[in-house]
Amino acid sequence: MKNLITILTVLTVTFTSAFATTPETTLISTENVEVVSISDLDIFSTANFDAETENLSFSTNDDISVIQIFNEEGEMEFQLPVMSNNVKINKNLFGEGTFKLGFILQGQSQLHTTMVTLK
């Protein structure tokens with residue numbers, strides 16, 4: 001009986017984690033740009049889009065080591081060293097479509113991702 005309960009518990013935990021979704025949170029939403037966090041939201045202190053300069057601005061709680069920009073096919077297009085907790089990325093670096101921004105924070109290996117949709 002103990003083995004059956006253990007097996008059922010392991011299966012329940014496995015299936016629950018396999019079907020769990022990462023909560024998505026909208027960081028920026030304008031008529032031209034939408035940025036949605038698909039990983040840890042708590043890394044960002046602010047995220048803005050300046051329509052005049054067409055810059056995406058991100059501030060994080062810890063320094064950003066590298067930002068990786070992926071196209072719609074998931075291929076890395078750019079890898080930008082940052083070494084700061086503030087970064088501005090101009091819209092013309094992307095073009096139109098959906099892109100993924102990956103933030104790697106100083107001293108970490110985890111990729112914190114956002115989806116950027118430009119219209």
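Okay, ground rules. What we have here is a predicted model, where local features need pLDDT of at least 70, side-chain atom pairs count only at pLDDT 80 or more, and totals for chains, interfaces and linings use all residues. Residues are numbered from 1 along each chain as its sequence is written, and side-chain values use heavy atoms, with hydrogens and water left out.

So, the layout. The chain has 1 helix and 7 strands, where helices are DSSP runs of H or I with at least four residues, strands are E runs of at least two, and both are numbered from the N terminus. Going along the sequence, the pattern reads α-β-β-β-β-β-β-β. There are 119 residues, and 34% of them count as buried. For the cut-offs, buried is under 20% relative accessible area, exposed is over 50%, and partly exposed sits in between, with a 1.4 Å probe and protein chains only. The areas themselves come from Shrake-Rupley with that 1.4 Å probe, and for residues only the protein chains shown count as cover.

Now the inside. What does the largest nonpolar core contain? It has 22 residues, and those with the most contacts inside it are Leu56, Phe58, Ile67, Val87, Phe94, Leu101 and Phe103. Strand 2 (33-37), strand 3 (44-50), strand 4, strand 5, strand 6 (97-105) and strand 7 (111-118) each put in at least two residues. Strand 4 gives the most, with 5 residues. By nonpolar core I mean a set of buried Ala, Val, Leu, Ile, Met, Phe, Trp, Tyr and Cys residues joined through side-chain atoms within 4.5 Å. As background, nonpolar side chains tend to be buried together in soluble globular proteins.

Staying with strand 4, have a look at Thr60, which lies in that strand. Thr60 is buried, with a relative accessible area of 2%. Its C-alpha is 8.5 Å from that of Asp42, 18 residues apart along the chain.

Next, the loop between strand 3 and strand 4. Thr53 is there, and it counts as partly exposed because its relative accessible area is 41%. Thr53 and Asn90 are 37 residues apart in sequence, but C-alpha to C-alpha they are 7.7 Å apart. Glu54 is in that loop too, partly exposed at 36%. For context, most residues other than glycine have a negative phi.

On to the loop between strand 5 and strand 6, where we find Gly95. Gly95 is partly exposed, at 33% relative accessible area.

Last stop, the surface. Which residues form the negative patch? Glu72, Glu73, Glu75 and Glu77. A patch takes residues with over 30% relative accessible area and no salt bridge, joining like charges within 9 Å and nonpolar side chains (Val, Leu, Ile, Met, Phe, Trp, Tyr) within 5 Å. A salt bridge is a side-chain nitrogen of Lys or Arg within 4 Å of a carboxyl oxygen of Asp or Glu. Lys and Arg count as positive, Asp and Glu as negative, with His and the chain ends not counted, and charges are placed at NZ of Lys, CZ of Arg, CG of Asp or CD of Glu.

Glu72 lies in the loop between strand 4 (55-70) and strand 5 (76-90), and Glu73 is in that loop as well. Glu72 is exposed at 57%, and Glu73 is exposed at 60%. Glu73 also sits 8.9 Å from Phe99, C-alpha to C-alpha, with the two 26 residues apart in sequence.
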